[in-house]
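Take a look at the chain below. We will walk through it one stop at a time.

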Amino acid sequence: MAKKTSRPVEEQSIDPAAQEMLIYAEQIGLSTAFTRVDEMAPCNIGGAGMCCKMCGMGPCRLTKDGSTGICGATIDTIQARNLARGIAGGASAHSDHGRDMAFTLKAVANGEAQGYRIRDVAKLRYLADFYGIEIEDRTPAEIANDLADLYIAQFGQQKGELVVTRRAPKKRQEVWRKANVMPRGVDREVVDTLHRTHIGDDQDAFHILEGAVRCAVADGWGGSLIATDVSDILFGTPAPVMGEANLGVLSKTEVNVVVHGHEPTLSMMIVAASQDPEMIEYAKSRGAEGIVVSGICCTANETLMRQGVPAAGNFLHQELAILTGAVEAMVVDVQCIMQAIVPLAENFHTEIVTTSPKVKITGATHIEFHEDRALDIAKEIIKRACDNFVNRKETKIPDLKSSLIAGFSHEYINYMLGGSYRGSFRPLNDAIMAGRIRGVAAIIGCNNPRSNQDYLHIEVTKEMLKNDVLVVQTGCGAIASAKLGFMLGEAGLDQVGPGLREICETTGMPPVLHVGSCVDNARILTVLTQMVAEGGLGDDIDQVPAVGMAPEWMSEKALSIATYCVASGAYVIMGGSNPVAGMEKVSNSQFVAEEVISKEWERLYGGRLEFIDDIDEIIKRTLAHIDKKRKALNLPKYDPARWGASGDRRMVEIEELPLMRREEALYGMPVGD
Ligand code: NFS
């Protein structure tokens with residue numbers, strides 16, 4: 001039962017659809033993460049990384065200057081251990097997703113997966129060739145089998161280097177070798193990090209975090225990149241597609257199936273099954289007009305950017321979707337699934353269906369997903385949802401949704417900027433070099449009920465656009481922008497600076513590019529790598545005027561992403577709580593973890609990680625960093641006054657001119673008579 005919350009709904013979410021549902025939740029006396037967070041004060045000792053619970057002697061809380069744990073562990077050791085374990089947790093989640101995708105590719109190649117096929121043969125051939133797999137005179141299935149084997153081997157490899165890291169700029173690979181963070185194998189680095197952070201092992205903050213960086217690189221340039229590659233091969237490399245986002249995508253008259261979690265394998269089959277005429281007839285036989293599949297979290301991004309499946313919302317929308325009373329089934333796989341949805345669903349007719357062999361939730365229905373019967377299982381789930389439609393009672397669906405364009409893979413950005421005959425990043429690099437685009441900001445990551453839902457994402461995005469910074473987004477940040485109307489070309493252009501606006505008008509691209517799910521942050525790495533390869537912006541990622549940020553982060557995956565981006569050379573800012581805040585300085589330490597992740601990592605990798613909770617400070621430091629990188633490249637100082645006299649605005653001005661002058665303006669001289 002929800003207690004009266006102290007925060008008004010406008011401070012819980014800036015999304016009007018969420019506000020409507022939060023008022024409703026309070027009226028009917030049900031709690032959500034938005035209200036529970038107000039009842040649960042965060043532990044300021046654990047939150048700042050000052051608590052060690054690695055062994056049974058503790059937990060030890062190091063709140064006094066110079067104090068140590070019972071074993072003698074110092075504050076910097078403890079903070080570094082806690083952060084490293086978070087990174088390992090995040091890296092294992094992403095990478096295990098990548099592993100499962102690789103196994104699916106293997107099964108598809110061998111005819112053991114029902115309903116799947118290889119959709120992007122060109123990407124399959126390109127990648128196989130890149131890794132030295134023979135492609136001439138071989139079928140896609142043969143090539144896919146070998147590529148799957150190569151990818152699967154990356155997880156268990158014990159020695160040498162992850163071959164996937166060869167996709168990084170050459171100079172960056174050298175940086176990693178020199179700093180001793182080149183990953184050997186994905187699983188090995190996760191185990192290494194867990195081992196070294198056990199009681200009585202690694203007790204040097206710098207060294208602990210060196211292991212954590214290696215683990216994070218194994219995620220970004222290993223597991224996550226593999227997940228993205230295989231998803232593209234099996235489900236198609238994304239290209240722009242229209243979609244819709246927010247709770248208004250739920251249907252009043254049709255069966256609503258919400259897919260929530262991360263892996264596209266089952267959700268793609270659910271989408272396929274929902275379009276089967278036999279299933280649609282079945283839904284009608286149960287009194288519904290049809291079937292609507294929508295997504296939450298990164299499953300939403302995976303299905304949205306490939307098939308235009310609507311997104312019901314981001315992380316904090318999972319409970320709100322159930323509160324509508326209109327969801328027949330919420331089908332979940334792995335990650336970011338709140339246990340609270342099961343007791344919440346008991347107040348409605350919604351059935352929560354868990355599907356992963358790794359994830360069960362007490363009280364939920366478990367229908368385990370196996371790819372050899374993928375389509376049959378998807379149909380079984382859809383049928384259950386249809387059967388449940390008769391149990392639907394009163395619904396309350398906010399009449400709010402936004403249109404958007406998703407699907408900006410690095411392949412498409414390449415094509416978009418240069419056309420199919422001369423696909424190239426040249427125009428993007430040129431625009432940055434000239435100063436039309438000041439730089440690039442990747443605004444990514446979660447919602448966190450400790451902040452106002454979507455507020456930080458949106459405010460930072462707005463400021464970046466105003467300052468001619470191109471924004472790329474993934475994960476729940478992308479859904480925030482989508483819900484609030486920033487991903488539809490001209491819709492957001494009135495809020496965009498003059499230089500970026502010209503580029504958007506010329507290419508037709510939105511000022512905020514939806515790049516995909518959270519594993520697709522690997523796409524951002526490949527975009528940056530291509531920008532470097534194109535020339536003019538330095539010879540490594542750390543020289544590109546770019547910043548990454550996760551203003552509303554909450555998951556361990558965000559810590560891993562932040563760390564591999566820093567290791568790749570990026571400046572990364574995390575909003576909200578700082579897990580290495582600790583104390584200012586302790587006398588018996590050589591390093592404080594916070595110094596390691598900022599100053600030390602900058603010295604080693606050219607990127608740094610900072611936790612900043614003040615939004616103005618986030619914006620200020622982002623722009624300062626971009627300008628610093630511009631200066632280092634000898635690029636002209638950013639000056640918005642130079643732009644804005646071309647593109648659509650110029651056309652409007654021209655149309656207002658008298659005829660003769662209009663022709664002169666358009667063609668340089670009067671035309672005709
Ligand atoms: Ni990323 Fe995607 Fe969202 Fe955060 Fe969770 S869904 S993997 S972790 S909450 S962005």
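Is Asp 540 buried or exposed? Asp 540 is buried, because its relative accessible area is 1%, and the cut-off for buried is under 20%. Keep in mind that this is a predicted model.

Asp 540 has a charged partner. Arg 172 forms a salt bridge with Asp 540, and their closest N and O atoms are 2.9 Å apart. This pair ties together distant parts of the chain: Arg 172 belongs to helix α6, while Asp 540 sits in the loop between α20 and β14, 368 residues apart. Arg 172 also counts as buried, because its relative accessibility is 1%.

Now look at another pair. Asp 539 forms a salt bridge with Lys 171. Here the closest N and O atoms are 3.1 Å apart. Again, distant parts of the chain are linked: Asp 539 is in the loop between α20 and β14 (546–550), and Lys 171 is in helix α6 (residues 170–178), 368 residues apart. How accessible is Asp 539? Asp 539 has a relative accessible area of 42%, so it is partly exposed. Lys 171 is partly exposed too, because its relative accessibility is 39%.

Next comes a salt bridge between Asp 520 and Arg 523, with the closest N and O atoms 3.6 Å apart. Asp 520 is buried, with a relative accessible area of 1%. Arg 523 is buried as well, also at 1%. Which residues join them in one network? Salt bridges that share partners connect Asp 520 and Arg 523 with Lys 123, Asp 232, Glu 302, Arg 306 and Glu 411. How many salt bridges are there in the whole count? The count comes to 49.

Move on to the metal. Which protein residue gives a donor to the nickel atom of the ligand? The single donor from the protein is Cys 518, through its SG atom, 2.3 Å away. Cys 518 is placed in the loop between β13 (512–516) and α20 (521–534). Why is the arrangement around the nickel atom irregular? Its four donor atoms subtend angles of 89 to 169°. For comparison, the ideal angle for four tetrahedral donors is 109.5 degrees.

Step back to the shell around the ligand. Its residues include His 262, Phe 315, Met 554, Ser 555 and Lys 557. Several cysteines also belong to the shell, among them Cys 297, Cys 298, Cys 446 and Cys 476. By class, the shell has eight nonpolar, three polar and one charged residues. Domain 3 (247–391) and domain 4 (407–554 + 612–642) each supply at least three residues.

Cys 336 is another residue around the ligand. Most residues other than glycine have a negative phi. Cys 336 lies in the loop between β7 and α13. Gln 335 lies in the loop between β7 (329–332) and α13 (341–345). Gln 335 counts as buried, because its relative accessibility is 17%.

Where is the cis peptide bond? This bond joins Gly 58 and Pro 59, with omega about -5°. Most peptide bonds are trans. Pro 59 is in the loop between β1 (51–52) and β2 (60–61).

Leu 30 lies in the loop between α1 (16–27) and α2 (33–39). Leu 30 counts as buried, because its relative accessibility is 15%. From Leu 30 to Leu 633 there are 603 residues in sequence and 55 Å in space, C-alpha to C-alpha.

Methods: Residues are numbered from 1 along each chain as its sequence is written. This is a predicted model: local features need pLDDT of at least 70, side-chain atom pairs count only at pLDDT 80 or more; totals for chains, interfaces and linings use all residues. Side-chain values use heavy atoms; hydrogens and water are left out. Donors are N, O and S atoms within 2.8 Å of the metal (3.2 Å for Na, K and Ca); water is not among the atoms, so sites may look incomplete. Four donors count as tetrahedral if all angles lie between 85 and 135 degrees; four count as square planar and six as octahedral if opposite donors are over 155 degrees apart and all others between 65 and 115; anything else is irregular. Helices (H or I, at least four residues) and strands (E, at least two) are DSSP runs, numbered from the N terminus. A residue is near a molecule or strand if one of its heavy atoms lies within 4 Å of it. Ala, Val, Leu, Ile, Met, Phe, Trp, Tyr, Cys and Pro count as nonpolar, Asp, Glu, Lys and Arg as charged, and the others, Gly among them, as polar. Domain bounds come from an automatic or database domain assignment. A salt bridge is a side-chain nitrogen of Lys or Arg within 4 Å of a carboxyl oxygen of Asp or Glu. Buried means under 20% relative accessible area, exposed over 50%, partly exposed in between (1.4 Å probe, protein chains only).
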